[in-house]
Structure formats: structure tokens, C-alpha cells
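We will look at the pockets and then at the ligand.

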Amino acid sequence: MVTAYDATFARILDEAGADLLLVGDSLGMVIQGNDDTLSVTVDDIVYHCRAVARGASHAHIVGDMPFLSYQLTPEEALRNAGRILAQGRAHSVKLEGGRSVAPTIARMVAAGIPVMAHVGLTPQSVHAMGGFRVQGRDEDDARRILDDAHAVAEAGAYALVLEGIPGELAARITAEVAIPTIGIGAGVDCDGQVLVCYDLLGLTADLRPKFVKRYDELFDRGVAAVRQFCDDVRSRSFPGPEHTFGVAKRPRAVASTG
Ligand code: KIV
């Protein structure tokens, strides 16, 4: 699974064979430039899901449910999830949390909405966690996350994101729960892996978390390409004749013989 936020990237990721595209609320950070995901709205997710749905033809599209779009009442959660599927054209939704959201997951699944769950480091709880910190390092916290994983699986979630937890704990959850796990910063023993596409492609200049492998350095390559464009414009070597339109050639008038 890879995150996607627009049609062009969706086309690239789909073409590359990603099974799932996550329209994550990480868009609050990488697209909107905020320090966290808290200000993302359901409208934002619907807008970006529609763009991704237009670009992807194979991958399953998961729309992330923003902060407070599913915690207030199950009815509101259903309404918001329904918008992400009906207007955003996503195939399923993802939400953060364990035992506390299990009844909401059950309601959504009963209404025909496939739900991906997300436990461990849950970015929407950044202030409750005291920052973006690895979770489940001590025995009690590991037990809490294990119980959360069981609760969301029993509530009917079809898959489970495990974020920012020790590899040993992710391996245990993967072995114990019946649904596939998808890890980010959770080691190699999960069933699948997810990365933010901007991290994977090296588009984030200032953020280099330990769990990210950068498969390219597109920020540096982008800067070099645009610098070249600026130089070419200033030196008038762009646009060249091959980029320039000419006037239409008129057919020559035939000389009159009369
Ligand atoms: O919003 C997001 O991109 C996510 C992934 C990092 C799992 O939730």
C-alpha cells in the first residue's frame, strides 16, 4: 500500500503495481504543509479520493477518516464514511483506534462499508501520545495494543495498519489476528507494508524518519530540473524552435491567365 493524493501520482503507483492506494490524512502534512494531521476535513479526503479514483484503474482505494469524523457518534461516522465511498469513489475507509472504535467499526461493516483499522502510533492522537513516539515498548502498552488489534479484528475490520511499534509486537499481532496486517515502522513480519509516497520517492526534504526507505531523491532531482529551466529561460535557450509555433503558410495565389 502506498499513499496517494492526486490523479497523476495515482497513475504512477497503479502502473507500478501497488495493491492499495491510501488517501491518507497525512495529506495534512505533505500536501497542506501542517505539522500534524488534525486539521484535515472530510471534504479534503473526498476531494483527494475523487482525484485518485480518476487516476487509478486497478488498485483498491482506501479513504482515511479524519480526526473527529468518526469518534462523536456511530451515525456521524456512517454518514462521513458513506460520503468518502459515494462522493470520493473510495472502496473502503480507514480509521484509527482500538477497543474504543470497535462498536463503530461493527456498525459500519454491518452497513456494507469495508473498514481498515489502524493501531499503535495513531497520528490523530499526537497530543495524547506526547508527540509522534514509538508505542508498545513496555509490557503494559504492548498488551494494550494487542487487545486493540483483537478488538478491531473481531469487530469486522478487513485489514489492520500497525504503525510505530516494535517488530516483535507486530509479528505477534500478525500471528494472532485473522486479518492481514500492514506495517509502517513495524518491522518485516507484517503481511504488507505502507509508505507515504512522498517519503518513498524522496520528495520530503526535511523529514527522514528511521522507518522510511527512500527509493529515489525526487526533491533533489526536482530542484536540479527547475534550476535548469530557470537558467535556460534567463539565457534564452528555452524555448527553442522545436517548442515554438510558426504562422500558417498560405497557399500561393494562382496567376490569372484571362
Ligand atoms: O495518513 C496516512 O498516510 C497513514 C499511513 C501513514 C498509514 O495513515
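Start with the second largest pocket: its lining divides into six nonpolar, nine polar and four charged residues. Here Ala, Val, Leu, Ile, Met, Phe, Trp, Tyr, Cys and Pro count as nonpolar, Asp, Glu, Lys and Arg as charged, and the others, Gly among them, as polar. This is a predicted model, where local features need pLDDT of at least 70 and side-chain atom pairs pLDDT 80 or more, while totals for chains, interfaces and linings use all residues. Residues are numbered from 1 along each chain as its sequence is written, and side-chain values use heavy atoms, leaving out hydrogens and water.

Now select Glu96, Gly97, Ser100, Thr122 and Ser125, which lie nearest the centre of this second largest pocket among its 19 lining residues. (A pocket is an open set of points on a 1 Å grid over the protein atoms alone where a 1.4 Å probe fits, with protein on both sides within 12 Å along at least five of seven lines; lining residues have an atom within 4 Å of a point.)

Next, show the ligand, whose space is the largest pocket (more than half of its atoms lie within 2 Å of the grid points). Select its surroundings (a heavy atom within 4 Å): Thr3, Leu22, Gly24, Asp25, Ser26, Asp64, Lys94, His118, Val161 and Ile184.

Finally, zoom in on the polar contacts (N or O atom pairs within 3.5 Å). Ligand oxygen atoms lie 3.0 Å from a polar side-chain atom of Asp25, 3.2 Å from one of Asp64 and 3.1 Å from a side-chain N or O atom of Lys94.

Conventions. A polar contact is a pair of N or O atoms within 3.5 Å; within protein, one must be able to donate a hydrogen and the other to accept it, and residues adjacent in sequence count only if both atoms are side-chain atoms.
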